[in-house]
Amino acid sequence: MRIEKKQIEEVNKRDLKSHQDHYNFLGAQLTNQGHEVDEVVKKLSQFQVAIPSWALGAGGTRFARFSYYGEPSTLGQKLEDVGVLHALTKTAGAVSLHIPWDVPEDYKAISELASSLDITFDAVNSNTFQDQLNQKESYKYGSLGDRSSVVREQATAHNIDVINIGKKLGSKALTVWLADGASFPGQNNFQESLGNTESSLKKIYASLPQDWKMLIEYKPYEPNFYSTIIQDWGTSFMLANACGERATTLVDLGHHLPNTNIEQIVATLMYKGKLGGFHFNDSKYGDDDLTVGSIKPYALFLIFNELVYGMENNPKNPELSWMIDASHNLKDPLEDLIQSLDAIQEAYAKALLIDQKMLKEAQKDNDVTLCQEILQRAYRTDVRPLIAEARLIQGGAINPIKAYRNLGIRQNLINERGANSKASGL
Ligand code: LRH
Ligand code: MN
Ligand code: MN
C-alpha cells in the first residue's frame, strides 16, 4: 500500500481555499505580533518523529487485545504503514525497531523499502524484559541488573547484538529500558542491583560506535510493583554519567508518578546536555500510552516550551531522538498515530510562538501575571493552519485524518492483506 502524491493533491483540492484563507489570516496576525511565520513553518516541516514498529497494530492491555483488521504482520508491511503516515503527515520520517520483535530478514530489501518511502531508522530498542524462544537464561528476576553474572552477560550480549543490527540499518542510537526491579520488599539488595546495572551498562557503552548515543529510559513502576532499578531521571542521569558522554537520559512522558513536573526534568537534563531522547504519549493514571495530547495538552505545551528553549540555548545537548510510544485498544492504530503526530506538532508550534524576549523582560520585572499571559497567549493561538501549511508545502495532506478516510486506506489494507489479517502481537 503506497499513497501517491496525486491522490493527496486530489483530496487537498477540496480544502485548499479554506486553508489558504485561514493561513493568510493567521499569518498576518502573527507577523503583526513580530513572528517570522516562514521560520515557524520551516521548523515544523523539519520536525520528524519516529514511529515505533510495535505500535502499528492495535494495542492491548494485560486483560485482552482486540485486533484490528488489515494490521501489518511483517516488518515490510510495518514500514509500508509508516510510509502511509509519512506521506499524509510528512512528519513521520523515521521508524524505531524493537529487537527481537522486528529483526529484518533481508537487510538490503528492508533498507531499500525504507529509503523508497523516505524513512530512516532511528534508535533501536533492546528487549530484556521478556524471555525469547530457546533463550538459555531467564529474565524472570532481572537482566542487566540481575544477581547472576551469567544472566547479566546474556543481557549485555543481546544489547551488543542490537547495536550491530542497528548499524546495518543506519541507526545512531540504542535505547535501553529495563524492567529490572523487585515486586516485594526484601527481594533485592538495592545497592547491589544498581551496581550490577551500572557495570552492565558500561560494558554495552564500550561497544557503542563513536557516532552513536545510548538512551537510558526510566520508569517508576510496572512490571515490578515495589521497586524499579532505573526508577527516575536522577538514576538514569547518574548511570549515563557513569558510562560517558554519549550516554544520555530518555524521557517517556508516561513514566512519571502523577503530577511530576516533567518540563522541569527536561530543563534540568538539557542544562547538563544529557537529554537524549523522548517518548511521546499521554497518561491519566500511569504508563497508559494514550494518544499524545488527549489528556494533558497544556502540560505538553509547557514541556515543548522547555524543549524549544533547550534546543536554542543548550548547544551541548545532543540532537534528540523523538519517538511516539503510544498504543490504543479501540481506535484504528494509524488514525491514532496521526492524531499523536498532530498533537506533537501543535504543542511544538505553540511553543515556537512564545515571545521569549518579552518573557525574559516580564521575568526580570517579576511581573508574574504578564509571564502567564505570554505563555497562554501562545497556547490559545489556533496554530492548525501553520501545521497544515507545513504539511502542504511538502506534499502532505491538509487534513490527514480526512485524507486517510477519503482515500479508504484501511479498506485498502484489508483488501491487500486479506479479510482475516489480524496480527498476533503483544
Ligand atoms: C516501557 C516502554 C519502553 C519499551 C516500550 C514497549 O513501558 O515505554 O519504551 O521499549 O514501552
Ligand atoms: Mn517508552
Ligand atoms: Mn512505557
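Select helices α6 and α7: their crossing is right-handed (left-handed if the near helix is turned anticlockwise from the far one by less than a right angle, right-handed if clockwise). Helices (H or I, at least four residues) and strands (E, at least two) are DSSP runs, numbered from the N terminus. Residues are numbered from 1 along each chain as its sequence is written, while chains are lettered from A and ligands numbered from 1 in the order in which they are written. This is a predicted model, in which local features need pLDDT of at least 70 and side-chain atom pairs count only at pLDDT 80 or more, whereas totals for chains, interfaces and linings use all residues.

**Stop 1: α6 and α7**

Stay with residues 190-206 (α6) and 233-243 (α7), whose axes come within 9 Å and cross at roughly 50°. Axes here are lines fitted to C-alpha atoms, for helices over the stretch in contact, and angles run from 0 to 180 degrees between N-to-C directions. The two helices, α6 and α7, are therefore oblique to each other; angles under 35 degrees count as roughly parallel, over 145 as roughly antiparallel, 65 to 115 as roughly perpendicular and the rest as oblique.

Show side chains for Thr197, Glu198, Leu201, Lys202 and Tyr205 in α6, which meet Leu239, Ala242 and Cys243 in α7. Contact requires C-beta atoms, placed from the backbone, within 7 Å. By class, the contact of α6 with α7 has five nonpolar, one polar and two charged residues (nonpolar: Ala, Val, Leu, Ile, Met, Phe, Trp, Tyr, Cys and Pro; charged: Asp, Glu, Lys and Arg; polar: the others, Gly among them).

**Stop 2: α13 with α2**

Select α2 (residues 37-46) and α13 (residues 384-392); their axes come within 9 Å and cross at roughly 60°. The pair α2 and α13 is therefore oblique, and the crossing is right-handed. On the α2 side, pick Val40, Val41, Leu44 and Ser45; on the α13 side, Leu386, Ile387, Glu389 and Ala390. The contact of α2 with α13 comprises six nonpolar, one polar and one charged residues.

**Stop 3: α13 with α1**

Select Asn12, His19, His22, Tyr23 and Leu26 in α1, then Pro385, Leu386, Ala388, Glu389 and Leu392 in α13, which they meet. This contact of α1 with α13 divides into six nonpolar, three polar and one charged residues.

**Stop 4: ligand 1**

Which residues surround ligand 1? Select Asn125, Trp177, Glu217, Lys219, Asp252, His279, Asp287 and Asp325. A residue is taken as near the ligand if its C-beta atom, placed from the backbone, lies within 6 Å of it. The shell around ligand 1 holds one nonpolar, two polar and five charged residues.

**Stop 5: backbone details**

Select Ile99 and Pro100, joined by a cis peptide bond with omega about 15°. Pro100 sits in the loop between β2 (94-96) and α4 (107-116). Next, go to Glu222 and Pro223, where the peptide bond is cis with omega near 10°; Pro223 is in the loop between β7 (213-217) and β8 (227-228). Asn134 lies in the loop between β4 (124-125) and α5 (149-169).

**Last step: confidence**

Colour by pLDDT, the predictor's confidence in each residue, from 0 to 100. The chain mean is 96, and 98% of its residues reach 70 or more. The model scores ipTM 0.99 and pTM 0.97. Where pLDDT is low, the predicted coordinates should not be read in detail.

Terms used:
Contact = placed C-beta atoms within 7 Å.
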